[in-house]
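This briefing goes with the structure shown below. The points are grouped by topic and can be followed in the viewer.

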Amino acid sequence: MKLLHFTGQVWRPPYEANSQLLQVTAGCTHNKCKFCSLYYGTKFRLSPITEIEEDLKVIQSYQSKARRVFLTGGNPFVLSYNRLLDLGLLIRKYLRYCESIGMFARISDIKSKTIEELKNLRHLGFDSISIGTESGDDETLAVMNKGYTANDIVEQCKKLEEANIRYNFVYLTGLAGKDKGEQNAINTANVFNQLHPFTINFVSLTVFPESDLYIEIQRGNFIEATEHERLLELRTFISKLCIETTLLGNTVSNTVPFIGMIPNDKTRLLNELDLAIKNIGEEELRRYRDSIKSL
Ligand code: SF4
């Protein structure tokens, strides 16, 4: 039996659970975000076309009607326009029912592509890409080495909108550290309110020993926000949000899981958060955080 090629950690968002995974890269080209240990120990690698084609043949043999393909790796959208074009054509050659192709992208990966190029990629099925924005607060972005600013997020995502490519954001509560959640929430909501993310996915900072942030915490350079602070941050963010979008807070890192649509479910979500803040103690929430083994 032929197996698909996968190198190092393979990570996909929960909403891609039904997508066919295809490795085109491994690791992340940036690999410098202080809080991140997702691709620890995996050097960025580009899959050779022959290897991708071999995998597509395997997929064709058991999943020939796959409708969505999710390209794995930290940021496959970093690939050049021409490379993505070739990949899109190759996927269509083997999986003719494939309607769309998703993947993770960094804001800087969009920068290198023109609107015309993005439109062509959209025609080939590249859609609903996932961007780990994490925050729209410049101070937090800089401290965490994200490698872009709030303005970059707005500028690049407007290009995606012009090309009709849908995108999903990630908001990471607690990332700004102790006493800074409110500022992070307000500034991030201001940025996201200028855009139209298809979904916003919530993750809460969970620090693992492999990350640079873990060392910063040991040295006393970063103080983590309490669990209640994070819930208050989330509350502020949701209350300030005034766009139409879907909120997904159902990962293992969410101490209080939730799903809802904005604006319709805003009041319900805020009430749920208020109840949790009132009824669940800080120690219980922190115990849960400390029990998380991986994201
Ligand atoms: S958060 Fe994303 S961009 Fe940053 S190092 Fe991790 S995988 Fe790469």
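Ser130 is buried, because 23 other C-beta atoms lie within 10 Å, and 20 or more are enough to count as buried. The model is a predicted one. Ser130 belongs to strand S6, which covers residues 129-134.

**Around Ser130 and Ser128**
- Not counting residues up to four places away in sequence, Ser130 touches Pro13, Gly102, Phe104 and Asn168.
- Ser130 and Phe77 are 53 residues apart along the chain, and their C-alpha atoms are separated by 9.8 Å.
- Ser128 sits in the loop between H4 and S6.
- Ser128 counts as buried because it has 20 C-beta neighbours inside 10 Å.
- Ser128 is not a glycine, yet its phi is positive, at about 50°.

**Domains**
- The domain assignment gives domain 1 (1-127) and domain 2 (132-295).
- Taken over C-alpha atoms, the centres of domain 1 and domain 2 are separated by 25 Å.
- Contacts between the two involve 22 residues of domain 1 and 29 residues of domain 2.
- On the side of domain 1 that touches domain 2, the elements giving two or more residues are helix H3 (107-111) and helix H4 (115-123).
- By class, the residues on that side of domain 1 are 13 nonpolar, three polar and six charged.

**Nonpolar core**
- The largest nonpolar core has 68 residues, and Val69, Ile91 and Leu95 are those with the most contacts inside it.
- S7 gives the most to this core, with five residues.
- Domain 1 (1-127) and domain 2 (132-295) each supply at least three residues to this core.
- Leaving aside neighbours within four places in sequence, the contacts of Val69 are Ser19, Gln20, Leu22, Ile91, Leu95, Cys98 and Ile101.

**Ligand shell and Asn31**
- Which residues surround the ligand? They are Cys28, His30, Asn31, Lys32, Cys33, Cys36, Leu38, Tyr39, Gly74, Asn75, Arg106 and Gly132.
- The shell around the ligand divides into five nonpolar, five polar and two charged residues.
- Asn31, one of the residues around the ligand, is found in the loop between strand S2 (25-26) and strand S3 (45-46).
- Asn31 is partly exposed because 16 other C-beta atoms lie within 10 Å, a count between the limits of 12 or fewer for exposed and 20 or more for buried.
- Although Asn31 is not a glycine, it has a positive phi of about 50°.

**Helix H7**
- H7 (residues 181-192) has 12 residues and reaches 16 Å from its first C-alpha to its last, close to the 16 Å expected at 1.5 Å a residue.
- The buried residues of H7 are Gly181, Asn184, Ala185, Asn187, Thr188, Val191 and Phe192.
- These buried residues pack against helix H5 (138-143), helix H6 (150-162), strand S7 (167-173), strand S8 (199-204) and helix H9 (227-240).

- H9 is mostly covered, with 10 of its 14 residues buried.
- Ala225 is in contact with Gly174, Gly177, Lys178, Gly181 and Arg230, leaving aside its neighbours within four places in sequence.
- Ala225 and Asp86 are 139 residues apart in sequence, and 45 Å lie between their C-alpha atoms.

**Backbone geometry**
- Most residues other than glycine have a negative phi, and most peptide bonds are trans.
- The peptide bond from Ile262 to Pro263 is cis, with omega near 15°.
- Pro263 lies in the loop between strand S10 (258-262) and H10.

Key. Residues are numbered from 1 along each chain as its sequence is written. This is a predicted model: local features need pLDDT of at least 70, side-chain atom pairs count only at pLDDT 80 or more; totals for chains, interfaces and linings use all residues. Helices (H or I, at least four residues) and strands (E, at least two) are DSSP runs, numbered from the N terminus. The expected span of a helix is 1.5 Å times one less than its number of residues. Two residues are in contact if their C-beta atoms, placed from the backbone, lie within 7 Å. A nonpolar core is a set of buried Ala, Val, Leu, Ile, Met, Phe, Trp, Tyr and Cys residues joined through C-beta atoms within 7 Å. Domain bounds come from an automatic or database domain assignment. A residue is near a molecule or strand if its C-beta atom, placed from the backbone, lies within 6 Å of it. Ala, Val, Leu, Ile, Met, Phe, Trp, Tyr, Cys and Pro count as nonpolar, Asp, Glu, Lys and Arg as charged, and the others, Gly among them, as polar.
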